[in-house]
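Look at the sequence and the fold below.

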Amino acid sequence: MGEYYPSGTLLWLASDGLAPVVLNGRGFQPRWGRGSLLPFSAGEASEIRYGVELSPEYAGLVYSTEEGLWLVERDGRSRHLIHQPEGVLSPDGTQVAYAQGEVEDLWILDLVTGEQRNVTNTPDRREFEPVWWPEQPEFIVFQSKPVDQELFGYGNPTVVNLDGSGYTILDDQRGAPFALSPGGEMIAFGCCDGPGILYDWPEGPAGFDPEAYGVNARKLFLPAWSPDGQKLAWVVSGELIPGGAQYQSGVAVFDIVSKTSQIIHAYEPQGGSTVEHFLSWSPDGNWLAFVTYAERPGLGRKPALYVAHSNGQEEYYLGVGFNPIWSPNGEWMIYNDAKEAPSSLWDHVVITVPVGDWENKLPLPIDAQVQD
């Protein structure tokens, strides 16, 4: 082939003269791929890219490694987007938002033109964890905090237009994870004591009191909207089950329309936790995937991954894992296995599982953090 590869390197060789693709992993036993790839000539072949095993089913998967952010394209090759592992790809696939700098500013990379621009440029504030809002494409939502505050922890929910104008802090008193409604009208946030906040865009904030839904929750610290925007799940703590422990954690599903609620997986934590939580709806709104900590004594501080039906009638423990993400058609869920404590993003195998067949887990030949 005219190239030197270390012993054990796993390659994909096309029959149409394309350059070899170096897969992210070690391989010894070759096997034939299934399905067809897009036809293109050798002259159109791109440079060697490092990524996942070619598999058309996973085209569109976004993941990150120590080298940055990657996108699996339709031909199965992994495209290196940017040297920013925490970058976030826009819904139309043309831009990446990321935080950069000693005092973090929010930057946007245009994947079409290659232009990189600082859209905040605020020496007195840090910006981080940007999120695109598909129904509001003219701006981006993120967290920010003054530079004199501690480096770690939540910031204040903030928005800015893509041209750098309209920098607005939605709440300068509370910092928390936020959730953007699928209709483009509401932003839910609030952490950790007291009621949550529903910010009616662009009118302003209003309190969200779980007691109005029959839930005695003292802390709300991770919201997630259902795909139809009619329900709001929230990781909560308090006396969730009457007559149970005074302090329990779990997931509360609030029906915004009927003003009712459903408690899912209430448990008594075996110790405090400051590690990241995860909460994610399936595209059809039937399932919720979530992670608990300090619940199972045998796991220690490792995350326990569950899926539960949103009506609370079914629940499955998938094992030690985190970062559950659903395929757009709702037929698969993908997540990171976490056999070791998640001290590094780069030591975890990516697992796929068909929805409803929760024991049929399929590992992918990749060590990366799944993003989308």
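A residue is called buried under 20% relative accessible area, exposed over 50% and partly exposed in between, with a 1.4 Å probe and protein chains only. The model is predicted, so local features need pLDDT of at least 70 and side-chain atom pairs pLDDT 80 or more, while totals for chains, interfaces and linings use all residues. Residues are numbered from 1 along each chain as its sequence is written, and side-chain values use heavy atoms, without hydrogens and water.

By the burial cut-offs, Phe278 and Phe322 are both buried. Trp287 and Tyr316 form a tilted aromatic pair, with 6.1 Å between centres and 45° between planes. Rings of Phe, Tyr and Trp (its six-membered ring) pair if their centres lie within 6.5 Å; planes under 30 degrees apart are stacked, over 60 edge-to-face, and the rest tilted. Trp287 is buried at 10% relative accessible area, whereas Tyr316 is partly exposed at 31%.

The whole structure holds 16 aromatic pairs. Phe278 and Phe322 are tilted because their planes stand at 45°, with the ring centres 5.8 Å apart. Elsewhere, Trp133, Phe139, Tyr199 and Trp201 make up one aromatic cluster.

Strands are DSSP runs (E, at least two residues), numbered from the N terminus, and two strands pair if DSSP finds at least two bridges between them. Four strands form an open, antiparallel sheet in the order β6-β7-β8-β9. β6 (88-89) and β9 (116-118) each have a single partner strand, so one side of each lacks a neighbour in the sheet. Strand β8 (residues 105-110) is joined to β9 by three bridges, and Ile108 has Arg117 in β9 as its bridge partner.
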